[in-house]
Amino acid sequence: MKILLIFTILYGTLPFIFYQIIKKNLTGLKEIYPFILTVLIASLYEFLGTIILKISFEKWYLIYKILAFLSLHYFFYYLLNKAYKFIFLLFCGVFGLLVVLTFSLWIDFNFLDLNSYFNIFQTIVVLTFSILWFRKMFRSLEVDNLLKNSNFYFISGLIIYYCGTVYLFLMSSTIYNIDKSNFQYYWLLNIILNLVLRSLLIIGIWKARVK
């Protein structure tokens, strides 16, 4: 379990490294780059801070949620050509309120509960903008084969990860209280889906090469 966790954390550096290696041959990746950078920062912190230095990960998770939200918002905002501004502003307002409430209620609330609220909200955001992107693709017929589109892999990875873990995060506090000794095995789902997301990021970067 711990070996798989460390592998997954270090694996999160590969999308950024791979991007840097072949960036001269890439096109159209400016939208996803902030998220790739966020994944790199998360991987480095979790390895050095959590695994090596044993620093508490709870407050880092809040920082990561903010970085992930902003980078994904940037990704979808430019991917959708700055359309649907009202929806973007609405989600920003709700997220800002969620952050304020989290800081004010941090001591009184279980970390797993707070974490679940962020993940449920982020899942709603990802699904909303993903549906709008697929709608845009099918209406405009910009791409004849989605399998050749790098953004298809990025969005697929995000959908698989967030939808696949939403129930786990929603029930994580309850599961932990009922079965603390085996909680790590439930958390294995999060680790595996992180591997899937990071693999699809790498595939998406590869698909963005200039032929």
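Helices (H or I, at least four residues) are DSSP runs, numbered from the N terminus. In this predicted model, local features need pLDDT of at least 70 and side-chain atom pairs count only at pLDDT 80 or more, whereas totals for chains, interfaces and linings use all residues. Residues are numbered from 1 along each chain as its sequence is written, and side-chain values use heavy atoms, with hydrogens and water left out.

**The largest pocket**

- The largest pocket has a volume of about 760 Å³, where a pocket is an open set of points on a 1 Å grid over the protein atoms alone at which a 1.4 Å probe fits, with protein on both sides within 12 Å along at least five of seven lines, and the volume is the space filled by probe spheres set on the points.
- Its lining (residues with an atom within 4 Å of a point) comprises 27 residues, of which Leu5, Phe57, Tyr61, Trp187 and Asn190 are the closest to the centre.
- H8 gives the largest share of this lining, seven residues, while H1, H3 (33–52), H4 (58–79), H6 (111–140), H7 (150–178) and H8 each supply at least two.
- By class, the lining has 17 nonpolar, six polar and four charged residues, with Ala, Val, Leu, Ile, Met, Phe, Trp, Tyr, Cys and Pro counted as nonpolar, Asp, Glu, Lys and Arg as charged, and the others, Gly among them, as polar.

**H1 with H8**

- Helix H1 (residues 2–11) packs on helix H8 (residues 183–207) at an angle of about 30°, with the axes 10 Å apart; axes are lines fitted to C-alpha atoms over the stretch in contact, and angles run from 0 to 180 degrees between N-to-C directions.
- This angle makes H1 roughly parallel to H8, since angles under 35 degrees count as roughly parallel, over 145 as roughly antiparallel, 65 to 115 as roughly perpendicular and the rest as oblique.
- The contact (heavy atoms within 4.5 Å) involves Leu4, Leu5, Phe7, Thr8, Ile9 and Tyr11 of H1, which meet H8 residues including Leu188, Ile191 and Arg198.

**H1 with H3**

- The axes of H1 and H3 come within 7 Å and cross at roughly 140°, and the two helices are therefore oblique to each other.
- Leu5, Ile6, Ile9 and Leu10 of H1 make this contact with Ser43, Glu46, Phe47 and Ile51 of H3, a set that divides into six nonpolar, one polar and one charged.

**H2 with H8**

- Helix H2 (residues 14–22) packs on H8 at an angle of about 10°, with the axes 9 Å apart, which makes H2 roughly parallel to H8.
- Leu14, Pro15, Phe18, Tyr19 and Ile22 in H2 meet Arg198, Leu201, Ile202, Ile205 and Trp206 in H8.
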